[in-house]
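Here's a quick report on how the pieces of this assembly touch each other. Have a look at the model first, then read on.

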2 protein chains.
Amino acid sequence: MNHYTTILREHNLKATPQRLEITNALHLNGHMSIERLYEIMLKKFNSISLATIYKNINLMLEASLIQEVKIPNTKSVYELTKESHSHTVCSECREITDIDLDLSKIETLATEISAFKIDYTDLVLSGICKKCQ
Amino acid sequence: MNHYTTILREHNLKATPQRLEITNALHLNGHMSIERLYEIMLKKFNSISLATIYKNINLMLEASLIQEVKIPNTKSVYELTKESHSHTVCSECREITDIDLDLSKIETLATEISAFKIDYTDLVLSGICKKCQ
DNA sequence: CTGGGTGCAAAGTATTTGCATGAAC
DNA sequence: GTTCATGCAAATACTTTGCACCCAG
């Protein structure tokens, strides 16, 4: 049985073909906007509704199965939840890429400066990727 | 003459009372959503239009007079442009605060790992602020 | 005075909701 | 069989646009 079938059911979400295709598309593409996801989904389900996409994205967000990524000057994209990581975004080709960076020093410093108790840290590096330089 | 009068004119924007009040409100409040800004502006201009807010926010963004800040689980807020800095957001009181952190080590590391040429870095720390702990 | 800005109304875009039908389990 | 998801249409929310009038410079 598909991995995401199990995960969906663990969150009391039925494993419909539409939902499995959302997880599949995110797995293959990494980061997708609602708009892009809709285009992809249309290829498999020619009468899928945007409402279905929105409803499922919201349910999956609540279940922490996926996460929203907010990038400057861009619509939000969504990704499957994985270990904490940062993102790069290329201003040329617009590609969004995961990058693993150790932020613990920064977080320690921030806590010392401000007595703020950090739950999670979002870091986005904007610039030009290797290919576009 | 008001500082922002000068800056607006330098960008070929007339220094109208509405625009000066936007800069003033941002100066006093730090970070504001469109909605909150509209509420504040209504106190001074009882017939101001949301369209005026949107038009001016967009013009000021183009002029780099202000910047959009994207925070997880929240509508975008805007702030007056200043030196690069990070933000904390409290999940309890929702307050957004500036914090100065030296990100150069992280940026150097990121460049080494990925050959990505960084133009700017956005860092948001989510958690609980001192007051709410 | 003149060009650009404002407020209003309408249009456009994005997202959510209600409901009848259909599919998952 | 029962519950919940889907797709459609309508409703709501958010943002932009067009235009007549007005004000900053």
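This is a predicted model: local features need pLDDT of at least 70, side-chain atom pairs count only at pLDDT 80 or more; totals for chains, interfaces and linings use all residues.

## Ground rules

Residues are numbered from 1 along each chain as its sequence is written, chains are lettered from A and ligands numbered from 1 in the order in which they are written, and side-chain values use heavy atoms, with hydrogens and water left out.

## Around DNA strand C

There are 20 residues around DNA strand C, and the ones that come nearest are A:R9, A:Y54, B:T16, B:R19 and B:K55. Being "around" or "near" here takes a heavy atom within 4 Å.

Which part of DNA strand C does each side chain meet? A:R9 puts a polar side-chain atom 2.7 Å from a phosphate oxygen, B:K14 has one 2.9 Å from a base nitrogen, and a side-chain N or O atom of B:Q18 sits 3.0 Å from a sugar or linking oxygen. The elements giving two or more residues to this surface are α4 (50–62) of chain A, plus α2 (17–29) and α4 (50–62) of chain B. Elements are DSSP runs numbered from the N terminus: helices are H or I with at least four residues, strands E with at least two.

## Chain A against chain B

Each chain puts 36 residues into the contact, meaning heavy atoms within 4.5 Å. Together they bury about 2,900 Å², 64% of it on carbon and sulfur atoms; that's the accessible area (1.4 Å probe) two parts lose on being put together, summed over both. A:K70, A:I106 and A:F116 supply 22% of what chain A buries against chain B, more than any other three residues.

How many salt bridges cross this interface? The rule (a Lys or Arg side-chain nitrogen within 4 Å of an Asp or Glu carboxyl oxygen) finds 0.

## The β5 pairing

Antiparallel to it runs β5 (residues 117–128) of chain B, joined by 11 bridges; pairing takes at least two DSSP bridges. Within this pair, A:T121 stands opposite B:L125.

Technical notes:
A polar contact is a pair of N or O atoms within 3.5 Å; within protein, one must be able to donate a hydrogen and the other to accept it, and residues adjacent in sequence count only if both atoms are side-chain atoms.
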